[in-house]
Number of protein chains: 2
Amino acid sequence: LPERPGAPVEKNRLTCTFLSFHRPILVHNPHLDGLKDDVLYHFSLGTETHDLPAMFGDVKFVCVGGSPWRMKSFIEYIASVLGMEDPKAEYPNICAGTDRYAMYKIGPVLSVSHGMGIPSISIMLHELIKLLHHARCTDVTIFRIGTSGGIGLEPGTVVVTKQSVDANFLPKFEQVILGKTVMRNTDLDPGLAQELLECSKELNQFDTQLGNTMCTMDFYEGQARLDGAFCSYTEEDKQEYLHNAQKAGVCNIEMESSVFAAMCKMSGLRAAVVCVTFLDRLKGDQLTSSHDILNNYQQRPQILVGHYIKKHLTHKKDS
Amino acid sequence: LPERPGAPVEKNRLTCTFLSFHRPILVHNPHLDGLKDDVLYHFSLGTETHDLPAMFGDVKFVCVGGSPWRMKSFIEYIASVLGMEDPKAEYPNICAGTDRYAMYKIGPVLSVSHGMGIPSISIMLHELIKLLHHARCTDVTIFRIGTSGGIGLEPGTVVVTKQSVDANFLPKFEQVILGKTVMRNTDLDPGLAQELLECSKELNQFDTQLGNTMCTMDFYEGQARLDGAFCSYTEEDKQEYLHNAQKAGVCNIEMESSVFAAMCKMSGLRAAVVCVTFLDRLKGDQLTSSHDILNNYQQRPQILVGHYIKKHLTHKKDS
C-alpha cells in the first residue's frame with residue numbers, strides 16, 4: 001500500500017481540484033468533537049487505530065453500489081481507465097476486518113459497497129461521511145452506481161436520477177428520529193446529472209436518460225411485483241400503479257436513492273445516482289436475461305462514471 | 001454434496017418430525033402457480049435450474065443472521081454439535097453464484113445471511129419462503145440470530161424477543177403495497193420463545209431474557225445514537241427516548257425483527273428472534289469492546305439455538 005500511517009498525503013498523486021473553492025465534508029453533530037476515538041464499526045476503522053487523513057485525504061471521487069463484487073470490479077476498471085493499474089496489484093479490501101461492507105481505493109477514487117436497501121446504505125453513509133470528514137477531504141463527488149427495474153425503457157438503458165421519489169411519487173425521504181418522522185429533501189446535483197448525460201453522448205455506447213427514480217422499501221410487494229411469496233393484487237392493479245408512476249416521471253425503481261440523496265445533500269457531497277435498468281417492469285417481473293447480458297448491462301454505470309472521472313482528472317493534469 | 005439432483009429426500013438422514021401434524025410453508029400468491037420457472041434471483045437459484053425438493057426437502061431448521069461470516073461459522077458449529085462434521089469438509093456456499101446472500105446447509109439445518117435492515121432481510125425472506133415452498137418442506141422452525149444494542153442490560157445478555165415493536169414501541173410492521181401502507185402483526189411464537197429460555201437454563205452459560213425488541217430503520221438517528229454523521233438532539237433527549245422504550249418493555253434494539261416476525265407468521269413458519277446485546281445503550285453508543293469479547297458475545301445466540309436444535313433432533317432419534 002502506498003499509504004504509510006502518519007505520512008502526509010503525497011502531492012504528486014493524481015488529484016482533482018477543478019472547482020475553484022474548497023467544499024469540506026459537513027457533519028452536523030456537535031457530539032463528535034467530544035469523542036476521543038471515533039470507531040467506524042461497520043468499516044472496522046477508527047480515528048485512534050487508523051490515520052484517516054493519510055489513508056483517505058486525497059479522495060475526490062467516491063463510488064458506491066450494492067454488491068461488493070461489483071465495487072471491486074469498479075476499482076479494477078477505474079485503475080485501467082486512469083492508467084494506474086499495476087499488473088501485480090491485488091486491490092486490497094480496506095474493510096477486510098468486517099464482512100458488512102467492502103472498500104477499495106486507487107488514487108483519488110474510493111469504491112464502497114452498501115448492501116441492499118435504505119437502512120443498509122444509511123449505516124454505510126453515516127460512517128463514510130464521518131470518514132471523509134475525519135480525513136479532511138474537500139470537493140468530493142459521489143456516485144451511486146446500481147441496477148434497477150425500468151418503466152417503459154429498453155432493458156440496458158442507463159437512468160441518471162433527476163429526483164428520487166417515494167412509493168407515492170413524492171420527492172422526500174422520511175427519517176425517523178426519536179420516534180418522530182422528519183422529512184428530508186432528495187434533490188441531487190442537477191449540474192452533475194447534465195455532465196453525466198454529456199459523457200454518455202461522448203461515449204455513444206448505450207442509451208442514457210434523465211428521469212425520476214422511485215426508491216422503495218421492498219423489492220416484491222413494494223415494487224408491485226407479482227412473483228413474491230405474497231401478492232394480494234392483480235396484474236391490472238400492478239399495471240395501473242406502474243403507469244401512474246410513469247406519468248409522474250418515474251423511469252426506474254431501486255431501493256437506496258432517497259436516503260443517498262438526502263444524506264449527501266446534508267453533508268455537502270455533490271451526488272448522482274446512475275442505475276442501469278435490467279428489465280422493463282411493464283412487461284415482466286423476473287430477471288430471466290442471461291448472466292452475460294445482465295453482466296454487460298451492469299458495467300454501463302461503471303463505464304459512464306469512469307468516463308466522467310477520467311475527464312476531470314485529465315483536465316486537471318493538463319491545466 | 002450428498003444431494004443428487006432428482007433423488008428423493010433420503011429417509012435415513014437426521015430428520016425432525018416431533019410435531020404430530022405437518023405444517024406446510026404457505027405462500028400467498030396465486031400468480032406463482034402460473035410461473036414456468038421461478039428464478040430466485042438473489043440466491044442465484046431457480047425451479048428450472050435446480051432440483052429444490054432434492055436440495056432442500058429435508059430442511060426442518062433455518063437460521064438467519066446479518067453477517068455471511070457468522071452464518072458460515074454457525075453451520076460449522078451446528079455440524080460439530082450434531083456430530084455431523086466431516087474433518088475434510090468445506091461447507092460450500094449454496095449461493096456462490098451471487099454475493100447478495102450466503103447460504104449453507106448440513107442435514108436438516110439451513111443457514112442463510114440476510115444483510116442489514118428490513119429491506120435486505122425482506123428480499124431474502126421472500127425468496128427463502130418460496131424456496132421452502134417449492135422444496136415442499138414441512139414443520140420448519142426459523143431463528144434469527146443477531147446482535148443488538150441493549151437497554152439496561154449487562155452487555156452479553158441474550159434477548160429472546162417477545163414482541164417486535166417499532167420506533168414508537170408499537171407491535172406492528174408497516175408494509176407499503178402499491179403506495180398504500182398495510183399494517184402487519186409482529187407476533188412471534190410464544191411456545192418457541194419459552195423453550196429457548198429453558199434451553200438457556202439448561203446450558204447455564206449466559207443470561208437470557210424474554211423482552212420486546214425495537215426494530216428501527218436506521219442505526220444512528222433511528223436508534224438515538226449521538227455518534228452518527230448527523231445528530232440534532234441532546235444526550236437528555238436520547239436518555240428520555242431510551243427510558244421510554246424501557247418502560248414499554250423494550251430490552252434491545254436491532255433492525256430486522258419486525259419484518260421477520262410478520263413474514264414468518266404469514267407463511268406459517270414457527271419463528272424466534274435471538275439477539276445478544278453488544279453494549280448498554282443507556283451508558284454509551286460506540287462499540288468499543290475488544291474483538292475477542294464481541295466475538296464471544298456473538299457466539300451466544302448460536303450456542304442457544306444449537307442446543308435447541310440438538311435437543312429436538314436427539315429426541316427424534318431416540319423415539
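Me: Into which domains is chain A divided?
Reply: In this predicted model, local features need pLDDT of at least 70, side-chain atom pairs count only at pLDDT 80 or more, and totals for chains, interfaces and linings use all residues. Residues are numbered from 1 along each chain as its sequence is written, chains are lettered from A and ligands numbered from 1 in the order in which they are written, and side-chain values use heavy atoms, with hydrogens and water left out. The domain bounds come from an automatic or database domain assignment. Chain A is divided into domain 1 (37–139) and domain 2 (143–318).

Me: What area is buried between domain 1 of chain A and domain 2 of chain A?
Reply: The domain centres, taken over C-alpha atoms, are separated by 22 Å. In contact (heavy atoms within 4.5 Å) are 27 residues of domain 1 of chain A and 26 residues of domain 2 of chain A. Buried area is the accessible area (1.4 Å probe) that two parts lose on being put together, summed over both. Carbon and sulfur atoms give 76% of the area buried between these domains, which is about 2,200 Å².

Me: Which three residues supply 30% of the area that domain 1 of chain A buries against domain 2 of chain A?
Reply: The side of domain 1 of chain A that touches domain 2 of chain A divides into 18 nonpolar, 8 polar and 1 charged residues. Here Ala, Val, Leu, Ile, Met, Phe, Trp, Tyr, Cys and Pro count as nonpolar, Asp, Glu, Lys and Arg as charged, and the others, Gly among them, as polar. The three that supply more than any other three residues are Phe61(A), Arg70(A) and Ile118(A).

Me: How many salt bridges are there between chain A and chain B?
Reply: A salt bridge requires a side-chain nitrogen of Lys or Arg within 4 Å of a carboxyl oxygen of Asp or Glu. Between domain 1 of chain A and domain 2 of chain A the count is 0. One salt bridge between the chains joins Arg184(B) and Glu221(A) at 2.6 Å, N to O. The count between chain A and chain B is 2 salt bridges.

Me: Which element gives the largest share of the side of chain A that touches chain B?
Reply: The contact takes 72 residues from chain A and 72 residues from chain B, and the area buried between them is about 5,900 Å². Helices (H or I, at least four residues) and strands (E, at least two) are DSSP runs, numbered from the N terminus. Elements of chain A that each supply at least two residues of this side include β8 (172–177), α5 (235–247) and α6 (257–267). The largest share, 9 residues, comes from α3(A).

Me: Why does the salt bridge between Asp189(A) and Arg270(A) tie together parts that are apart in sequence?
Reply: The closest N and O atoms of this pair are 3.4 Å apart. Asp189(A) lies in the loop between β9 (180–185) and α4 (190–203) of chain A, whereas Arg270(A) belongs to strand β12 (residues 270–280) of chain A, so the pair links parts whose separation in sequence is 81 residues.

Me: What is the radius of gyration of chain A?
Reply: Chain A has 7 helices and 12 strands. The radius of gyration is taken over C-alpha atoms, and the globule rule is 2.2 Å times the number of residues to the power 0.38. For 319 residues that rule gives 20 Å, so chain A is as compact as a globular protein of that length, with a radius of gyration of 20 Å.
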